[in-house]
Amino acid sequence: MNPETCHTGPVHLASILAVDDAAANLQVLAGMLKDRGYRVRPVPSGKLALLAARRDPPDLILLDINMPDMNGFAVCEQLKADDRLRAIPVIFISALTEPLDKIRAFSTGGVDYITKPFQMEELHARVETHLNLRRLQVELEYEIEQRTIALRKSQQQLAAILHTAADAIITIDAMGIIKSVNAATERMFGYTAAELIDQNITILMPSPYREEHDRYLDSYNVTGIKKIIGIGQEVVARRKNGSTFPVELAVSAVDHLKLFTGILRDITRRKELERDVLEITSREQRRIGQDLHDSVGQELTALNILAGDLAECIGTDDSNESKLVERIVRGLRRSQKELRTVMRGLLPVAVDTEGLMAALSDLADRIQREGKVTCTFDCPEPVTVADNLDATQVFLIAQEAVYNAAKHAWANHIRVSLKSDQFLVVHIRDDGVGMSTRPTENHSGLGLRIMRNRAAIIGAKLNIQPAEPTGTLVTCALLRGNHETKPD
Ligand SMILES: Nc1ncnc2c1ncn2[C@@H]1O[C@H](COP(=O)(O)OP(=O)(O)OP(=O)(O)O)[C@@H](O)[C@H]1O
Ligand SMILES: [Mg+2]
């Protein structure tokens, strides 16, 4: 039965195979069905019925039960065993009226049972019903087949897109278990898909992102608040060989499936470029600072000494000359102080490994001397930082946080602390009014944004949170040994 014609095709074209060994019965049955517009093929035995059905499968079979050689049940069983013929509806027509015969007829696969002698109207009604059912079934199967083809095609397209994507695409469930990964994930992390599926996503994260992720998921499962949803977060990822690298992460939630999809882009190259730019800038600043120190700075020092000598020669009387020299000495000292401030901006951290400690201590002293707020520096163990770029950026982040606390917090005390274990950690805590939680879109200050940018460039984690019982706590933590580590 062709589904494309069965909507519109006339019902009287349906083909029926009528099977009965009694020639007279067969003739009557075939004649009556032809009169009602069916295409009928009468056959006198079970074997011929099977041959005819295989050669040209009919839309419906009317099958006598009691026949020599091969009875109707056997014919029906063979029809049902044949993939091509299985779906053709078989209606038994028999003089047998025992319930057991009827049960057997249905159990071998018949769809209906009509007892002889039959009423032509009844037979016609049943034939029509089963032809219609069959037609609907064929339509449905055709529809399912078309949809399956379309679905498979779109799945193949999707798989091809996922497979060829340069970014790693990973889906996890609400418990953080990996459900799917694409080919880029395998390339990026060095695991095969089979090694990743059903593992916790934390397998791809180093500490402390791993512990943080567990906390995010726990909190999401309790509160429903999705903290990690969003684009453009920079995090550190971990390969199978233990090496780590920076990635940009975009996470979206597929709520109805309770799944999260993460897209990860390896930004090692971008980070290297950002770092190079920063390094070149810092180097250039350092050079200008040193030049200033060696030229103008030395000149000023020499002039200061000369002016001091001149003042001594003239003596400390009330003459105009001595007042003039005193003004020159004061002016020179002022210039020297201003030059030092400029140089401190250009050379914030001394290039030796203890420069960060010294610079933070100096910063706290300076704030303390300004006298608006007390400021202490706390560093229980000596901390050395070999990379001056890292040290400088950490210092500048701390400096902005300290200035912010001094400017905005109305604090009594600011505490700067430095410690180092697996991470280099600087805390800046004030006991002031705390930061406003209101959105600050219209805010024109740049400090916080620059702090975040500096942290991102050196791969540090920056956290700004309310302090207990009042005030603000700024934490900057940098994984020691840099963000691009060697394998374990
Ligand atoms: N420790 C703090 N306590 C209270 N408020 C703070 C603190 N740090 C920052 N803020 C608030 O956050 C805002 C943004 O700080 P940000 O450093 O970006 O800008 P700014 O200090 O106003 O200007 P800029 O740093 O560009 O000179 C501040 O204006 C202030 O309202
Ligand atoms: Mg500021």
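This is a predicted model: local features need pLDDT of at least 70, side-chain atom pairs count only at pLDDT 80 or more; totals for chains, interfaces and linings use all residues.
**View 1. α12 and α13 run roughly parallel to each other.** Residues are numbered from 1 along each chain as its sequence is written, while chains are lettered from A and ligands numbered from 1 in the order in which they are written. Helix α12 covers residues 355–370, and its axis comes within 10 Å of that of α13, crossing at roughly 15 degrees. (Axes are lines fitted to C-alpha atoms, for helices over the stretch in contact, with angles running from 0 to 180 degrees between N-to-C directions; helices, H or I with at least four residues, and strands, E with at least two, are DSSP runs numbered from the N terminus.) The crossing of α12 past α13 is right-handed, meaning that the near helix is turned clockwise from the far one by less than a right angle, with anticlockwise being left-handed. On the α12 side you'll find Gly 355, Leu 356, Ala 359, Leu 360, Leu 363 and Ile 367, meeting Asn 388, Ala 391, Val 394, Phe 395, Ala 398, Gln 399, Val 402 and Ala 406 of α13. Two residues are in contact here if their C-beta atoms, placed from the backbone, lie within 7 Å. Sorted by class, this contact has eleven nonpolar residues, three polar and no charged. (Ala, Val, Leu, Ile, Met, Phe, Trp, Tyr, Cys and Pro count as nonpolar, Asp, Glu, Lys and Arg as charged, and the others, Gly among them, as polar.)

**View 2. Here α13 meets α14, with axes that come within 10 Å and cross at roughly 160 degrees.** So α13 is roughly antiparallel to α14. This time the crossing is left-handed. From α13 come Asp 390, Gln 393, Leu 396, Ile 397, Glu 400, Ala 401 and Asn 404, and from α14 come Gly 447, Ile 450, Met 451, Arg 454, Ala 455, Ile 457 and Ile 458. That contact splits into eight nonpolar, three polar and three charged residues.

**View 3. Ligand 1 has 15 residues around it.** Asn 404, Ala 409, Gly 445, Gly 447 and Leu 448 come nearest; a residue is near if its C-beta atom, placed from the backbone, lies within 6 Å of the molecule or strand. The shell's make-up is six nonpolar, seven polar and two charged residues.

**View 4. Helices α3 (residues 46–55) and α4 (residues 72–81) pack at about 25 degrees, with axes 9 Å apart.** That angle makes α3 roughly parallel to α4. Gly 46, Ala 49, Leu 50 and Ala 53 of α3 touch Ala 74, Val 75, Gln 78 and Leu 79 of α4. Six of these residues are nonpolar, two are polar and none is charged. α3 passes α4 in a right-handed crossing.

View 5. You'll spot Asp 198 in the loop between α8 (193–196) and α9 (209–223).

Methods:
Angles under 35 degrees count as roughly parallel, over 145 as roughly antiparallel, 65 to 115 as roughly perpendicular and the rest as oblique.
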